[in-house]
Amino acid sequence: MTFLQFLTAAMPILAVFVLLVLMRLPAAKAMPVSLLATAASAYFVWHLSFLQIAASLLQGWVIALTILWIIFGAILLLNTLKHSGAITVIREGFFQISPDRRIQTVIIGWLFVSFLEGAAGFGTPAAIVAPLLVVLGFPPLAAVVLALIADSAAVSSGAVGLPVLVGIGQGLESIGSDELAAIAVQAVMFDVAIASFIPLLMVVILTRFFGPNKSVREGLQVWRFALLGGFSFTLPALAVAKFLGPEFPSILGALTGLMICIGATKLGIFMPKKIWDFASDLNNSNAGTAEAIVDDKPDKPLSLSMAWLPYLLVVVFLILTRLDALPLKAWLVETAVTWRNILSSDVSVTAHTLYLPGTVFVLVVVLTAFFHKKSAVQVANAWRESAVSLGPTVIALAASVPMVRIFLNSDVNSADLSSMPLALGSLAAETFAGAWPVFAPMVGALGSFIAGSATFSNMMFADLQLTTTNSLGLNSQVMLALQIIGANAGNMICVVNVVAAASVVGLVGKEGQIIRFTLGPMLLYATGAGLLALVIY
């Protein structure tokens, strides 16, 4: 690969890093420039045809519409709860469990995110939990950063095991179910050793960057409860992975952790002596929806159970529609619309309609309006506010997703080159072969960062990981587990996830700032697992 070809292959990464992270441009400005740079270099250097680029653009726009549907549904649900008066009731309910923001971070920001990832995936956790944290009084920037960091370890078993079953399974078509199960167990074993400390890292980030005293020590004061939150998820998840398979470790592990940690809170176990909260003026900083999320006064006070009913319905519907044992999943998947051979190319796209989490959100919104007895005016206001808020997000996604598709579809070219991601992965394997366990997770993270999907990252790089592993004489199960861990870690900085989460809490334009916060935790998680593998295996 020539230097110019390397720059072309790395263009999506370099453009995003320079424009979003270094120059701090909003995604609505940075992503169109990144798209133009990627398309131009793909045409002139990688020798993609104009037809292939145009087909990738159309494919990307279809995918962007499905992501917008999820974002719209999450915002609509939040606005509906705002107009129904449920927000205040939910806030007061959490304060009854614990008013300490560090404890709330572990229970909601870590365990509830992990549960939602296991049940749904598709960016659902951050879209639900980030605004929920804002509702509780967290600064919007803190809410998004914490939700994205937490949406990591649970990703390997996210959406009922898709990253392993579909990602690794289709990436290595000859692999058997028993070996897939063993790889999933190995990945969770890494999480027991590494990801169990993520909740502690989260509370330290919370107190250091968003607290009135900018103190690391105040985060470390709850180290016992934070570790309880970490291990109460990872250890049950390991047991589930070992005995039940890769579908349910995140769901059952997070449920177990929620029961343990809420029980510990009520019993006063590992509770701090002094309640920690934000500075009085901090909730109004960071620009976002902290001030916007204020309830209308309900005609009649809602009970706690009625206020939580919409979220309960979301969880129940997501689980029911994702279990293979039930007919609902098959029925909904059949509603997908496929556009094959776009512009007579080999590029195709399938848009899931009713199966998307956004459809579940909208269904719950309709039911919530009925259960909470909201007027037509209130319902119309919620829909109008939600639609209007999507403007800058439409621009960002309409540029970022097609850019990704050009990157991924670059294997069809007249220069006889492999696809850009595989070219980068192969170069990394050749360059860092001597310490491949350390760099293997970075390949997985690269896939998630660009593609916006841990499942796609695993599908794209599983064969590269296996080929490199065999040539170096390494343990294939361990290296494929590191690919999974890296894909999990990349979820923290994935451009699509960042744009979506920022949109839900009104932080459009702050995407680069969000990535600067999540980049460090991503590197710690990925390199921590790699170093552990290097030492042990």
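Axes are lines fitted to C-alpha atoms, for helices over the stretch in contact, and angles run from 0 to 180 degrees between N-to-C directions. The model described here is predicted.

**Helices H1 and H2**

Two packed helices are described by the angle between their axes and the distance between the axes. For H1 and helix H2 (residues 27-44), the angle is about 160 degrees and the axes lie 9 Å apart. Angles over 145 degrees count as roughly antiparallel, and H1 and H2 are therefore roughly antiparallel to each other. The crossing of H1 past H2 is right-handed. On the H1 side, the contact is made by Thr8, Met11, Pro12, Ala15, Val16, Leu19 and Leu20. H2 contributes Ala27, Ala30, Met31, Val33, Ser34, Ala37, Thr38, Ser41 and Ala42. By class, the residues of this contact of H1 with H2 are 12 nonpolar, 4 polar and no charged.

**Helices H5 and H12**

Helix H5 (residues 101-119) and helix H12 (residues 223-243) have axes that come within 10 Å and cross at roughly 15 degrees. That makes H5 roughly parallel to H12, because angles under 35 degrees are counted that way. H5 passes H12 in a crossing that is right-handed. From H5, the residues in contact are Ile103, Val106, Ile107, Trp110, Leu111 and Ser114. They meet Phe225, Ala226, Gly229, Gly230 and Phe233 of H12. This contact of H5 with H12 has 8 nonpolar, 3 polar and no charged residues.

**Helices H3 and H17**

The axes of helix H3 (residues 50-84) and helix H17 (residues 376-388) come within 9 Å, crossing at roughly 140 degrees. That makes H3 oblique to H17. The crossing of H3 and H17 is right-handed. In H3, the residues of the contact are Phe72, Ile75, Leu76, Asn79, Thr80, Lys82 and His83. Their partners in H17 are Gln378, Asn381, Ala382, Trp383, Glu385, Ser386 and Ala387. The residues of the contact of H3 with H17 divide into 6 nonpolar, 6 polar and 2 charged.

The table sets out the angles and axis distances of these pairs.

| Helix pair | Angle | Axis distance |
|---|---|---|
| H1 and H2 | about 160 degrees | 9 Å |
| H5 and H12 | roughly 15 degrees | within 10 Å |
| H3 and H17 | roughly 140 degrees | within 9 Å |

**The second largest pocket**

Rolling a probe the size of a water molecule over the atoms shows where empty space is left. The second largest pocket has a volume of about 680 Å³. It is lined by 23 residues, of which Ile13, Leu424, Met442, Leu446 and Phe449 are the closest to its centre. Two or more lining residues come from each of helix H1 (3-22), helix H19 (420-431), helix H20 (436-451) and helix H24 (511-536). H1 gives the most to this lining, with 7 residues. By class, the lining of the second largest pocket has 22 nonpolar residues, 1 polar and no charged.

How values were computed
Residues numbered from 1 in each chain as written. Predicted model: local features only at pLDDT ≥ 70, side-chain atom pairs only at ≥ 80, totals over all residues. Heavy atoms only, no water. Helix = DSSP H or I, 4+ residues; strand = E, 2+ residues; numbered from the N terminus. Parallel < 35°, antiparallel > 145°, perpendicular 65-115°, else oblique. Left-handed = near helix turned anticlockwise from the far one by under 90°. Contact = heavy atoms within 4.5 Å. Nonpolar A, V, L, I, M, F, W, Y, C, P; charged D, E, K, R; others polar. 1 Å grid on protein atoms, 1.4 Å probe; cavity = no way out; pocket = protein on both sides within 12 Å on 5 of 7 lines; lining within 4 Å. Points joined across faces, edges and corners; volume = space filled by probe spheres on them.
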